[in-house]
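Some labels given to parts of a protein rest on a value and a cut-off. The questions below ask how such labels are reached.

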Amino acid sequence: MCYVKCARYIGFSLVWAAVFCIVANVLLYFPNGETKYATEGHLSRFVWYFAGIVGGGLLMLLPAFLFIRLEEEDCCGCCGYENYGKRCSMLSSVLAALIGITGSGYCVIVASLGLAEGPKCSDANGVWNYTFASTEGQYLLDSSMWSKCYEPKHIVEWHVTLFSILLAFAAIEFILCLIQVINGVLGGTCGYCCSRQQQYNC
């Protein structure tokens, strides 16, 4: 049951990563816990791409739950052949992992772009714009520049922290799904690690 147990562990890890992505994305809508910036359209455009909610979140739960339930699949019968059920399940998990790679990859790209562009904030003249867009992400290395954003308060810290969380967990999801692709191929082609007794009973 080595391949299936590996998939199961990956599934549980993906669930937790997806939850963190969803929470981080939701918090991006409420700087300092306030809703007015969302209603007034003063959020970063990348917040509205739903990268954490959809890409790193909901789209990740599908393969995650499939991986978790692999161990419960019947090992008997597939395509008219006995004892091939687990192998077919492992191979089908590869397709689910590819969906996960797509979702997490999307989240990584959006989070990276969001970090590079920086938050949308009000400057000293009360004008709302992307103050750090022209810095090509250099503002991340120079915190003294962050004072250029006057409103919302601490928006740079809020923006950088949450998009960094999205980037980190989406990257973890991407790696885990890539591992499952390899695990699924090996489990499907090399065989599910059943004991001889299990195969006999099938």
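Q: What makes Cys121 and Cys149 a disulfide?
A: In this predicted model, the sulfur atoms of Cys121 and Cys149 are 1.9 Å apart. A disulfide requires cysteine sulfur atoms within 2.5 Å, so the pair qualifies. The link joins distant parts of the chain, with Cys121 in strand β1 and Cys149 in the loop between β2 and α5, 28 residues apart.

Q: Why is Cys107 said to be in no disulfide?
A: The nearest cysteine sulfur to that of Cys107 belongs to Cys21 and is 4.6 Å away. The cut-off is 2.5 Å, and therefore Cys107 is not counted as part of a disulfide.

Q: Why is Cys121 called buried?
A: Cys121 has a relative accessibility of 0%. Buried means under 20%, so the label applies. Cys149, at 11%, is buried by this rule too.

Q: How do you know whether Tyr106 is buried, partly exposed or exposed?
A: Tyr106, which lies in helix α4, has a relative accessibility of 34%. Buried means under 20% and exposed over 50%, so Tyr106 counts as partly exposed. Tyr106 also belongs to a nonpolar surface patch, whose members include Trp48 and Leu59.

Q: Why is Glu117 called buried?
A: Glu117 is placed in helix α4. The relative accessible area of Glu117 is 12%, under the 20% limit, and therefore Glu117 is buried. Leaving aside neighbours within four places in sequence, the residues in contact with Glu117 include Arg45 and Tyr130.

Notes: Residues are numbered from 1 along each chain as its sequence is written. This is a predicted model: local features need pLDDT of at least 70, side-chain atom pairs count only at pLDDT 80 or more; totals for chains, interfaces and linings use all residues. Side-chain values use heavy atoms; hydrogens and water are left out. Patches are made of residues with over 30% relative accessible area and no salt bridge: like charges are joined within 9 Å, nonpolar side chains (Val, Leu, Ile, Met, Phe, Trp, Tyr) within 5 Å. Accessible areas come from the Shrake-Rupley method with a 1.4 Å probe; for residues, only the protein chains shown count as cover. A salt bridge is a side-chain nitrogen of Lys or Arg within 4 Å of a carboxyl oxygen of Asp or Glu. Helices (H or I, at least four residues) and strands (E, at least two) are DSSP runs, numbered from the N terminus. Buried means under 20% relative accessible area, exposed over 50%, partly exposed in between (1.4 Å probe, protein chains only). Contact means heavy atoms within 4.5 Å.
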